[in-house]
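Please take the sequence and the coordinates together, and follow the description below from one part of the assembly to the next.

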There are 2 protein chains.
Amino acid sequence: MNIQHAQPILRLIQELTKLPGIGEKTAFRLAMHILRSSKEDAEGLARSILQVKEKIRLCSQCFNLTEQNPCRICQDLRRNAEIICVVSGPEDLIALEKSGSYRGHYHVLHGVLSPLEGIGPKDLRLSELLSRLQEGKIKEVILATNPSVEGEATAQYLAQIINPLNIRVTRIARGVPMGGDLQYIDEATLSKSLENRSPL
Amino acid sequence: MNIQHAQPILRLIQELTKLPGIGEKTAFRLAMHILRSSKEDAEGLARSILQVKEKIRLCSQCFNLTEQNPCRICQDLRRNAEIICVVSGPEDLIALEKSGSYRGHYHVLHGVLSPLEGIGPKDLRLSELLSRLQEGKIKEVILATNPSVEGEATAQYLAQIINPLNIRVTRIARGVPMGGDLQYIDEATLSKSLENRSPL
């Protein structure tokens with residue numbers, strides 16, 4: 001930071017650098033854009049930031065981000081309420097929804113187990129998932145945490161807890177991505193894709 | 001855009017994508033960060049956006065961005081008021097101030113001549129520059145527009161106008177950047193650096 005900026009510009013740059021992936025130079029460029037843009041545009045941006053904080057809550061059933069409670073997905077009677085897909089974050093839920101190939105319910109953990117970062121089972125929405133399962137209506141839980149070390153460990157942990165409840169537990173397939181090129185794909189993925197091969 | 005986002009999230013993403021260099025994916029990531037951050041942080045960001053629009057004006061002398069009028073630089077009696085450094089934007093002024101090697105006044109054009117984009121002399125703060133020069137106190141004008149096609153053309157144009165006023169007109173040196181490596185420097189820069197060589 002330097003002293004050449006007027007105080008309000010300096011403040012805006014400081015606030016913008018708090019955002020992920022925004023360094024001081026980008027923040028300055030954004031601040032300049034905001035200064036040049038119309039008053040309406042700047043107010044629109046500020047208002048949308050406030051409104052998102054004000055109006056968005058977590059669904060009390062699946063813990064997805066939502067304006068209404070329960071969320072649109074939990075309320076949707078056309079969806080299969082006997083399957084729960086467990087994801088680590090709302091981003092993953094949206095990615096799955098975009099794929100258009102899932103019509104069940106969700107449960108958002110808001111994180112994955114990560115002993116290194118001090119994130120244990122109590123920091124995730126695990127007890128809430130278990131109470132949903134204990135109602136006895138759920139027939140399958142799809143574990144859709146990321147295929148990372150923490151995601152795999154979280155899936156393993158969940159499988160151990162859910163299996164005794166006599167509910168089917170499945171894990172999303174890990175393998176060669178569509179459109180991928182075998183020669184550029186890492187060994188772990190290739191070995192998974194061989195291990196999980198299916199008859200044709 | 002997809003329908004899976006709640007309306008306030010969608011709105012925030014739309015507002016964020018209006019910023020330069022922010023695409024839909026980055027906007028989504030930023031929106032998620034804002035959703036996760038504290039209410040104070042979100043309000044701080046929104047407030048700083050509003051305040052920068054509310055409090056920042058153009059200096060009536062040099063047209064730099066400022067909270068007070070005239071700006072701190074124009075008011076600073078320790079600075080040499082007989083030299084004006086002409087820059088195309090406030091960013092350039094700040095870069096020069098950071099270098100710490102200029103102690104005169106400035107004039108911010110807010111653009112460069114660009115026939116392709118339809119930016120002519122009337123769209124820049126040119127008449128304001130000329131009236132400053134006509135007051136008769138200025139001894140030198142340093143043209144510090146960018147060494148781009150438009151920047152060079154703007155400098156040429158300004159020199160043509162200012163020279164008849166019997167004011168010294170100079171152009172910042174263009175040459176090999178400090179720390180640069182000759183083998184990677186473009187021909188135009190190398191040819192400029194030879195042309196503008198100085199005795200040692």
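This is a predicted model: local features need pLDDT of at least 70, side-chain atom pairs count only at pLDDT 80 or more; totals for chains, interfaces and linings use all residues.

**A walk through the two chains**

Turning to chain A, one finds a division into domain 1 (7–54) and domain 2 (80–171), and the C-alpha centres of domain 1 of chain A and domain 2 of chain A lie 35 Å apart. Chain A, too, has an open sheet, formed by four strands in the order S4-S3-S5-S6 with parallel pairing. Its edge strands are strand S4 (104–108) and strand S6 (168–171) of chain A, each of which pairs on one side only. Ignoring direction, neighbouring strands of this sheet are turned by 25° against each other on average.

Within that sheet, strand S3 (residues 80–87) of chain A pairs with S4(A) in the parallel sense over five bridges, and A:Val86 stands opposite A:His107 in S4(A). Helix H6 (residues 126–134) of chain A packs on the sheet, where it touches S3, S4 and strand S5 (140–143) of chain A, and its direction makes about 150° with that of S4(A). Helix H7 (residues 149–162) of chain A, for its part, lies across S3, S5 and S6 of chain A and runs at about 170° to S6(A).

The remaining topic is how the two chains meet. The size of an interface is often given as the accessible area lost when the parts come together. Here chain A and chain B bury about 4800 Å² between them, with 70% of it on carbon and sulfur atoms, and the contact takes 50 residues from chain A and 50 residues from chain B.

Polar interactions also cross this boundary: 11 residue pairs are counted in polar contact between chain A and chain B, both residues being at pLDDT 80 or more. On the side of chain A that touches chain B, the elements giving two or more residues are helix H1 (7–17), helix H2 (24–36), helix H3 (39–55) and helix H5 (90–99) of chain A. The largest share of that side, 14 residues, comes from H3(A).

Over all chains, a search of the whole structure finds 25 salt bridges, and four salt bridges are found across the interface of chain A and chain B. Which residue does A:Asp41 meet in a salt bridge? Its partner is B:Lys18, with 3.5 Å from N to O between the side chains. Since A:Asp41 lies in helix H3 of chain A, and B:Lys18 in the loop between helix H1 (7–17) and helix H2 (24–36) of chain B, the pair joins two chains.

Conventions. Residues are numbered from 1 along each chain as its sequence is written. Chains are lettered from A and ligands numbered from 1 in the order in which they are written. Side-chain values use heavy atoms; hydrogens and water are left out. Domain bounds come from an automatic or database domain assignment. Contact means heavy atoms within 4.5 Å. Buried area is the accessible area (1.4 Å probe) that two parts lose on being put together, summed over both. A polar contact is a pair of N or O atoms within 3.5 Å; within protein, one must be able to donate a hydrogen and the other to accept it, and residues adjacent in sequence count only if both atoms are side-chain atoms. Two strands pair if DSSP finds at least two bridges between them. Axes are lines fitted to C-alpha atoms, for helices over the stretch in contact, and angles run from 0 to 180 degrees between N-to-C directions.
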